[in-house]
Structures are given as structure tokens and as C-alpha cells.
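Here's a quick tour of the model, meant to be read with the structure open beside you. We'll go from the aromatic rings to a strand and a helix, then finish with confidence.

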Amino acid sequence: MVVVTGQNKVSGNPDDAMSSSDAEDDFQEPATPTATQAGQSLPLLPQQFPEVVPLNVGGMCFTTRLSTLRRYEDTMLAAMFSGRHYIPTDAEGRYFIDRDGTYFGDILNFLRSGDLPPRERVRSVYKEAQYYSIGPLLDCLEDVQPLKGEKVRQAFLGLMPYYKDHLERIIEIAKLRAMQRKARFAKLKVCVFKEEMPITPYECPHFNSLRFERSESETKLFEHHCEVDVSFGPWEAVADVYDLLHCIVTDLSDRGITVDHQCIGVCDKHLINHYYCKRPIYEFKITWW
């Protein structure tokens, strides 16, 4: 009996068996399959592209010059269409990019002529520019509104290292309370204060002397935590309490959370002598549906 494996025939007779050295001499590495042989395998590189390139980006069709896609060397698009990588095509022969194409036209407009998107599309186009690693477009978008203003806002929020953690705490507390009470909304108390020390018009003349000439025991008397769920502050900047409240509401709204807030008073805890806390307390109402 003869067993055939591939193209090599091995006799069932032990006397006809090849030695190990003979087998090694006759053994050949299989040739790399071509695209035709492999069926679904990718074609051999490099891939050639036409001067005018038809594109299918997530089902949306575009047409542009190859030079436009290669305008900036360090971008993903330039690398994709450099010929070093295989780009699949759809049934109509368009080169397919598996990405939402909603803002791809804005990407092409910048690569063609440096045009920037309208303000309402800036944030979304910025995300696409990050994906395609288009550094020049990122730099341009960061210098226009609303991203330029966002850089200023983040510089302010950088004064509070636990800002994001406090936002998460607001969300978690509100969710837990709503679930426990089977309620549509939840309320929680939030303290937002700019100054570490209590200040009122009466206290201002004494503020500097008390701040810099108090004993260690007096310092401990001013170490106070208001009876609230979350507390933001203090910070040293021109931006005030209302600016931080705007940041909190904006960031929660950007996450799809409906929030209302109102000041419900101040913390009246007595600290020392005629000094009371006086930090403003806000009630946040988080509506879940």
C-alpha cells in the first residue's frame, strides 16, 4: 500500500523507507501561496493605487486624488495609501475604510485646501483627526472655538486634582439613591467653595492676620468638612464658584445626565471665636428618566 501526502509518495515497504538524511535533502519549504492559490489571502505587496482614488468610508463614498491622501507623511491615511499596506475594496472597486464616514468629508477638505469645519462640527472632526493622526489639523482645531476655550477651562480645572473623581461620586451617589428609592430622580448636597478660610465683609480686616499668625492648635480648628455628599474646593484663580458650578453642570450634561441645582444655604458650623464656616451648599437634582 502506498500513502500519498502532498506530492511526496511514501512506500509501505520498510525496505523502501528513506533515511533521515535523504528526507532532509528531498524536503522543500512550501512556496508562499499567491492570492489566486490562497483564495481569501491578501494580494502580494506593494499595492498600486490610481491617481484618482475612489473611497468607501463606512458606506459613504468619496473620491479624491492620491496626492491628497498622502499630503502629510506622518498620518494614517498616508501610511494606508503608501503601497505598504493592503486596502480591501468593495464590490464596486472602491477602497474600503471601516470607519464612520460622517466627518470624513471635513478631513478631505482640510487635506485639499486647509479648510476647517464649522464650529458645531469641530469637536467631532477633532476626534476623527485624532484617529487618522493628522497633526496639522489637530493643531488648527485646538486654536479655534470651542476647543480653544476648552483648553482654558481645563487649565482652571487642573487646579482641582480630584475634580473628575468628584464628578463620578456625584453620579454614583445619585444612581444608588434613585435605585434604592425606586425614584425617577435623586438629590444630593454639594459644597463648592473657593476660599479655604471663611470670609465675610466683617471678617476681611482680620483675614490676613489670622491666616498667617495662628497657632497649630488653631489651625486644627479650621480643618472642617461640611456635612455634604461631595465637596469641591478650594482653589486660587480668578474663576469663582459660579464658574465651577457651570463646569460641573456642563460635564454632567455632556454625559447625558439631566441636572438642576440651587443654593440652599451655607454651612453654619462654628469654627473659632466669631468665625463660622459659611461655605455655600447646593442641592443637585439628578433626573434619570
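Rings of Phe, Tyr and Trp (for Trp, the six-membered ring) count as a pair if their centres lie within 6.5 Å. With that in hand, have a look at Phe62, Phe104, Tyr131 and Tyr132, which together make up one aromatic cluster. Keep in mind that this is a predicted model, with a mean pLDDT of 81 for the protein.

**Aromatic rings**
- How many aromatic pairs does the structure hold? The count comes to nine.
- One of them brings Phe49 and Tyr95 together edge-to-face, with 5.1 Å from centre to centre and 65° between the planes.
- That pair links distant parts of the chain, as its two residues are 46 residues apart. Phe49 sits in the loop between helix H2 (35–38) and strand E3 (52–57), while Tyr95 belongs to strand E5 (residues 95–97).
- Are these two partners buried or exposed? Phe49 counts as buried because its relative accessibility is 12%, below the 20% cut-off. Tyr95 is buried as well, since its relative accessibility is 10%.

**Charges over rings**
- Tyr131, one of the cluster members, also has the charged end of Arg99 over its ring, 3.8 Å from the centre.
- Elsewhere, the charged end of Arg279 sits over the ring of Phe193, at 3.9 Å from the ring centre.

**Thr64 and strand E4**
- Thr64 lies in strand E4, which covers residues 60–65.
- Why does Thr64 count as buried? Its relative accessibility is 5%, so it falls under the 20% cut-off.
- Which residues does Thr64 touch, leaving aside neighbours within four places in sequence? Its contacts are Glu51, Val52, Val53, Leu55, Leu69, Leu108 and Arg112.

**Helix H5**
- Leu108, one of the Thr64 contacts, is itself buried in helix H5 (residues 104–113).

**Confidence**
- Across the protein, 72% of residues reach a pLDDT of 70 or more.
- Residues 1–39 have pLDDT below 50, and beyond near neighbours in sequence this stretch makes 16 contacts in the model.
- Residues 199–212 also stay under 50, and the model gives them 17 contacts beyond four places in sequence.

Key: Residues numbered from 1 in each chain as written. Predicted model: local features only at pLDDT ≥ 70, side-chain atom pairs only at ≥ 80, totals over all residues. Heavy atoms only, no water. Helix = DSSP H or I, 4+ residues; strand = E, 2+ residues; numbered from the N terminus. Buried < 20%, exposed > 50% of the residue type's maximum accessible area, 1.4 Å probe, protein only. Contact = heavy atoms within 4.5 Å. Phe/Tyr/Trp six-rings, centres within 6.5 Å; stacked < 30°, edge-to-face > 60°. Lys NZ or Arg CZ within 6 Å of the ring centre and 35° of its normal. pLDDT = per-residue confidence, 0-100.
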